[in-house]
Amino acid sequence: AGKGMVCCADTFNGVFLVDVSNPCEPRTVAHYPGLVGGVAVVDDVVYAACPKSGLSVLAAPSLGHRCEPHRGTPIPVPAAPPAATGNGRVYRPGGQVWSVAFCGDYALVAAGMKGIRVVELWPEIREVSQIETHGFAVHICVVGDRAYVSENTGGFSIWEHTGNGQFQPLGRFRAPKGEAVRQAMVYADGTRAVLQTGQTFRVLDVSDP
């Protein structure tokens with residue numbers, strides 16, 4: 001925010017203008033409370049992005065000044081190396097791969113917007129079937145013949161392997177207020193699932209899916 005002044009966006013605590021002209025003794029010279037995600041500084045004005053209230057324009061006479069940072073010397077980025085050759089094999093499901101688990105001889109690939117892809121890996125990679133999820137498939141856990149899928153805003157679903165790489169749905173859980181299910185792990189012989197939903201862990205009884 002100019003020579004000797006730093007403008008800080010401190011998330012839950014607001015915007016702080018800090019005098020750092022003496023690096024050994026920084027001191028706050030101005031403060032704007034509230035929830036803030038980021039700031040931009042021009043002469044005598046600070047623009048604050050506030051998730052709850054929107055854009056706040058803060059007067060900072062004689063304190064805020066546009067500062068052009070020294071960008072240093074650019075580091076040259078080398079060209080991408082050629083694709084590896086040899087015995088390696090690659091499977092591209094069309095979505096972003098988040099997680100993989102195994103059910104017998106099948107690999108179950110959590111492929112984001114492409115749901116769950118059931119794949120044979122040997123002797124060649126071959127897609128056997130698909131599980132169409134309600135949300136982005138971001139994690140999968142397998143216990144026995146059951147697959148437990150975290151579907152982000154689509155919730156948490158349970159599927160049973162009926163043979164030959166085919167799965168049927170058994171049940172679904174949706175977290176309160178539409179919280180996204182980011183990851184689920186199953187314990188206690190398949191009777192308990194621990195779900196990460198936002199900043200909360202939920203323990204579910206899944207003995208009856």
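User: How many residues of strand β2 (residues 15-19) are buried?
Analyst: Four of its five residues are buried, so β2 is mostly covered. Buried means under 20% relative accessible area, exposed means over 50%, and partly exposed is in between (1.4 Å probe, protein chains only). Strands here are DSSP runs of E with at least two residues, helices are runs of H or I with at least four, and both are numbered from the N terminus.

User: Where does this model come from, and what went into the values?
Analyst: This is a predicted model: local features need pLDDT of at least 70, side-chain atom pairs count only at pLDDT 80 or more, and totals for chains, interfaces and linings use all residues. Residues are numbered from 1 along each chain as its sequence is written, and side-chain values use heavy atoms, with hydrogens and water left out.

User: Ok, back to β2. Which strands does β2 pair with?
Analyst: One partner is strand β1 (residues 5-9), antiparallel over five bridges. Another is strand β3 (residues 27-32), also antiparallel, and five bridges join β3 to β2. Two strands pair if DSSP finds at least two bridges between them.

User: Which residues sit opposite each other there?
Analyst: C8 stands opposite F16 in β2. On the β3 side, the bridge partner of V18 is T28.

User: And what's between β1 and β2?
Analyst: The two strands form a hairpin with five residues between them, and T11 in the turn has a positive phi of about 45°.

User: Which other residues have a positive phi?
Analyst: N152 has one of about 55° although it isn't a glycine, and D189, also not a glycine, has phi near 55°. Most residues other than glycine have a negative phi, and most peptide bonds are trans.

User: Where are those two, and are they buried or exposed?
Analyst: N152 is in the loop between β12 (146-150) and β13 (156-163), and counts as buried at 17% relative accessibility. D189 is in the loop between β15 (181-187) and β16 (192-197), and is exposed, with a relative accessible area of 80%.

User: Where's a peptide bond that is cis?
Analyst: Between W122 and P123, where omega is about 5°. P123 is in the loop between β9 (116-120) and β10.

User: What sheet is β10 in?
Analyst: An open sheet of four strands, antiparallel, in the order β7-β8-β9-β10. The edge strands are β7 (99-103) and β10, each pairing on one side only. Neighbouring strands in this sheet are turned by 25° against each other on average, direction ignored. For angles, axes are lines fitted to C-alpha atoms (for helices over the stretch in contact), and angles run from 0 to 180 degrees between N-to-C directions.

User: How many bridges do β7 and β8 have?
Analyst: Five, between β7 and strand β8 (residues 106-110), running antiparallel. C103 has Y106 in β8 as its bridge partner.

User: New topic: how many disulfides are there?
Analyst: A disulfide here is a pair of cysteine sulfur atoms within 2.5 Å. By that rule the count is zero.

User: Are C24 and C141 buried or exposed?
Analyst: C24 is exposed at 72% relative accessible area, while C141 is buried at 8%.

User: How many aromatic pairs are there?
Analyst: One. Y148 and F156 have ring centres 6.3 Å apart and planes at 15°, so the pair is stacked. The rule covers rings of Phe, Tyr and Trp (its six-membered ring): centres within 6.5 Å make a pair, planes under 30 degrees apart are stacked, over 60 are edge-to-face, and the rest are tilted. Y148 and F156 are both buried.

User: Last one: what does S129 touch?
Analyst: S129 lies in strand β10 and is buried at 10% relative accessibility. Not counting residues up to four places away in sequence, S129 touches I116, R117, V118, G165 and Q166, where contact means heavy atoms within 4.5 Å. A polar atom of the S129 side chain also lies 2.4 Å from the backbone oxygen of G165.

Methods
Polar contact = N/O pair within 3.5 Å; in protein donor to acceptor, adjacent residues only side chain to side chain.
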